[in-house]
Amino acid sequence: MNNKKHSSVLNKLVGILDKVEKPSRYMGNEYNSIKKDAELSMCLIFPDLYDVGMSHFGVKILYDIVNKSDFAKCERSYLPWLDMQKAMMENNVPLYSYETYTPIKEFDVIGFTLQYEMSYPNVLRSLKLGDVPIKNSQRSDTDPLVIAGGPCAFNPAPMEEFIDAFLIGDGEEATIEMLMAIKKGRSRSEKLELLSTVEGVYVPGYNYKVRKRVISEMKNDWAPTDQIIPYTEIIHDRGVVEIMRGCANGCRFCQAGMVYRPVRERSANDIFEISKETIKKTGYEELSLLSLSSADHSQIEDAISLLKNIKDTSLSIPSTRANAFTVEIAKAIGTIRKSGITIAPEAGTQRLRDVINKGITEENIFSAAKMARDNGWNKIKLYFMIGLPTETDEDVKAIGVMLDKIKRMGFHEVSATIGVFVPKAHTPFQFDAQMMPDEAFRRFKLLNWTRRFAKLSFTDPYKAIIEGVLSRGDKTVGEVVEEAEKRDVIFADWDEMFDPDKWMKIFEDKKIALQKIMEAKSFKDPFPWDFVDSGISKGFLWSEHLKSLKAELTPDCRNGCTGCGVCQKFNVDNVIQEGIVR
Amino acid sequence: MKYLFYYKRTGLLRYLSNHETMRMIERILRRTGGEFKMTEGFHQRMKLSFGQALPTGVIDRSGLFLLSTDEILDEEFLKVANSISPLGFEISKTEIVNDKFELGKSIDGYIFKLIFLRTPEVHDGWEIEEKGKIWVAGFFNVFNSHSPKPDEFGQYLTIRDSVIFKKS
C-alpha cells in the first residue's frame, strides 16, 4: 500500500468537519505522524474516543516499532463520537486512518488494543463503521485480518468470535513476527495457520494453548520518542517515558501486576536520554514517568535528579505507593503547587490490606499524609475499594475513620474515590465472588457520615457488574457484546453514555448466568482462560487466594523469589538497575 | 527583543480552535530549542500574545503573534521552525518591533474574503468579484468586532486574508 492520501475520504471530510464538535479529533495530519510506503499495512485502532486513545502509550510503542520496520507500515484510527459517526454514515465516509485517510478495510491488518472490557462493543462498532464483517467466520481472503492485544486479551473468550488472532503479553517483538507471518501467508487460512505458530499468539480454531509473550529487557530502540502531537487537548497530553514494565509487589487484586511480570527497569541514564530526545522531538512541556509503581524503581531518585536538568519541563509520576517515599518523590519533582497529592490505601483496615497483600501499614499511610501536610499540600485524594474478599462492615467503616484522621491533620480538602472491586482473570482473586449492586449500595451508606468533611465519589456498582461479566465471562458473553453494539450501548465507560438498565436487559435476553459468573469458584473449577498461560500457575494463584483468607502476606519478590513461576518458565529475571548513577 | 510573527494556517488546520492553534505554535517554538521568555509558576508557558481570535473553520492567512527573546531569529530560524511544523502551518516572516508594541493597540482590522459557489447576497461594505465559477466577497472588519463564521452567509470558504495596521 502506498502513502497517497485517499481523496475520496478527505474531500468528504472537509464538508463534515465544520458540523461536528471538536473537529481536530478527526483531522489526522498530526505532527510526527508517519506516512510511508510499505508492502504490508496495519491500522491500529484504539476502540474509544481520540482523546482517550491518543493518551495510550502501548499504541505509541507499536506504531513506532512497525514504522521502523522495512516491510510494514502502521497507521491509526479511533472510534469517533456519536455526532461524527452519524455524519460519517450520512455522507458514506467509512472509518479511515489518520495518516492517509484510507478506509480501514483496505488495510492488510487491523489491530485493536483491548485495555478495558467496557470497550468491547466499541470494537464491533469500529469494524461496522469500517465496513469490515464483525465475526471472524464472515471474513474472507479480501478482508483484513483483525488482531488484538492488551491486558484484556488474557481472557480472549468473550471476543473470540470477532478477533482473528490475539497477542497475549508484550508486543515489542511479537507484533513484527505476526506481521511477517501475515506477509508470508498466501491465503487467509494460511496466514492464520502461520500466526498460530508465533509465540504468544492465540488463533481461535487453530491453536488450543498459548503462553504469554515476554521481552527480557526494555531496549532503548523500543522507546518511542517521536511521539505524535495531538491538536486537541487529550486526557494525558504530555510526553511519556516508560521507566519500568511489570511490578513485583504482588497485590492480589491487580491483574497488571500478575500478568506483566517480571519487573524490567530502564536505567536512570537511559530514562534521561530517552526523555531528552522525547522533549526535543515533541516540544511537550510535561513528561510523565510511566510504570505500574514508579516509586518502586530502584533508581527513581537518580532519574528525577537527572530529569530536572531538562529545562522548562515539568514531571509527573502516576501510580505511586502510599508511603513517605512517595511524598519525597512528589516533593522532588516539585508538584507542591499542583492540585494535590494522591495516595491509594485501597482498604480501611490493616487486616484487609493484608488480605489484598497491599504491603503498606497504617503507619505508612499516616506518615505519608503528615509529611504531605508538613510540606505544604492542602489537598489530598485517596483511593479505596469496597467489596474486597472477606470485607466486613468494620472494614468499610474504617475507611471513614481514616478519612477523619487525615482531615484532622489540617488538609483543606480531603477527597476519596471508592470503587467497587471487580475480580480479574489470572489473579488470586479470580476465585472470589464479586459483590452485587444492592450490597454495594448498602456498604456505601456506611460511609455517608464522612461527607461532612470529605468529598466522596463512588463508582457505579452496576458498572462493576458489567465489567465483571465481560472480564470473567466465557464465549457466550460475546453475544452480549454483539447485542450491546446493536442496541447502541457503546462508549459504555463514559458516564453520560452508561445505561445499566440496557445492559441488564441484554444479560436477561441473552440468558447470562449472572450469579454463576459472580460467585466464588474453587481450584477445580475450569476457567475460560485456563488455556492462556500467563506464566503464573493456577496453583500459585490458589495458594495466594488461600493466604489471603488468613490475611497472610507474600513479600515483594525482589527480596527473594516467591515461586510464582514466571522467571523459571520464561528464563527471565527481574531486571533491577540499583546502584547510583550520577 | 520583541518579534512580530506572521503566520498562515490553511488546509485542515483551519479546523483548529484558537486555543489549539496557540498550543501548536508554542510546541513548534519549543521544538526549535530556542530560549524564549516563560511565564512563572509550576506549569510554565511561553509568553506569547496573539491577534484577534478566529472562529474554528476559518482559513487564516494573517495570523500574528508577539514573542520576546534574546535570541536572533533569522531566516535560518524560520526555515527550521517551518520544517518542524505540521502541514498547513507556516511562519511567513518575522520582524523586530518596539518593546512597547502591542497587537491590541496596533491593529486597525482585517480584510476577510468569502468564497461563494453561487451569486452571493451583497452586504454593506462588501466588494464582490466574479472569477470564473466562483464569487469572492471582500470586506474590512474592525479589530475585535465579530469575525464571519464559516457558512454564516452560505459561503463555501472563509479566509482572513490580511491585516491592516493603524497608521502611527
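**View 1. Helices H6 and H7 of chain A in a predicted model.** In this predicted model, the axes of helix H6 (residues 174–184) and helix H7 (residues 188–195) of chain A come within 8 Å and cross at roughly 150 degrees. H6(A) is therefore roughly antiparallel to H7(A), where angles under 35 degrees count as roughly parallel, over 145 as roughly antiparallel, 65 to 115 as roughly perpendicular and the rest as oblique. The crossing of H6(A) and H7(A) is right-handed, a crossing being left-handed if the near helix is turned anticlockwise from the far one by less than a right angle, and right-handed if clockwise. Axes are lines fitted to C-alpha atoms, for helices over the stretch in contact, with angles running from 0 to 180 degrees between N-to-C directions; helices (H or I, at least four residues) and strands (E, at least two) are DSSP runs, numbered from the N terminus.

**View 2. Helices H17 and H18 of chain A.** Helix H17 (residues 477–486) and helix H18 (residues 500–509) of chain A pack with their axes 10 Å apart, at an angle of about 135 degrees. This angle makes H17(A) oblique to H18(A), and the crossing of H17(A) and H18(A) is right-handed.

**View 3. The salt bridge between A:Lys22 and A:Asp51.** The side chains of A:Lys22 and A:Asp51 meet in a salt bridge (3.5 Å, N to O), the term standing for a side-chain nitrogen of Lys or Arg within 4 Å of a carboxyl oxygen of Asp or Glu. Because A:Lys22 lies in the loop between helix H1 (7–17) and strand E1 (40–46) of chain A, and A:Asp51 in helix H2 (residues 50–53) of chain A, the pair ties together parts that are 29 residues apart in sequence. A:Lys22 is partly exposed, with a relative accessible area of 32%, while A:Asp51 is buried, at 6%; buried means under 20% relative accessible area, exposed over 50%, and partly exposed in between (1.4 Å probe, protein chains only).

**View 4. Further salt bridges of chain A.** A:Arg353 forms a salt bridge with A:Glu362, the closest N and O atoms being 3.0 Å apart; A:Arg353 is buried, with 0% relative accessibility, and A:Glu362 is partly exposed, with 30%. In the salt bridge of A:Glu552 with A:Lys550, the closest N and O atoms are 3.7 Å apart, and here A:Glu552 is partly exposed at 33%, whereas A:Lys550 is exposed at 55%. A network of salt bridges links A:Asp170, A:Glu172, A:Glu242, A:Arg245 and A:Arg264. Over all chains, a search of the whole structure finds 66 salt bridges.

**View 5. A nonpolar surface patch on chain B.** B:Met1, B:Ile72 and B:Ile96 make a nonpolar surface patch of about 310 Å². Patches are made of residues with over 30% relative accessible area and no salt bridge, like charges being joined within 9 Å and nonpolar side chains (Val, Leu, Ile, Met, Phe, Trp, Tyr) within 5 Å. B:Ile72 is found in the loop between strand E3 (59–68) and helix H2 (75–83) of chain B, and is exposed, with a relative accessible area of 61%.

**Notes to all views.** Residues are numbered from 1 along each chain as its sequence is written, and chains are lettered from A and ligands numbered from 1 in the order in which they are written. Local features need pLDDT of at least 70 and side-chain atom pairs count only at pLDDT 80 or more, while totals for chains, interfaces and linings use all residues; side-chain values use heavy atoms, with hydrogens and water left out.

Definitions and conventions
Accessible areas come from the Shrake-Rupley method with a 1.4 Å probe; for residues, only the protein chains shown count as cover.
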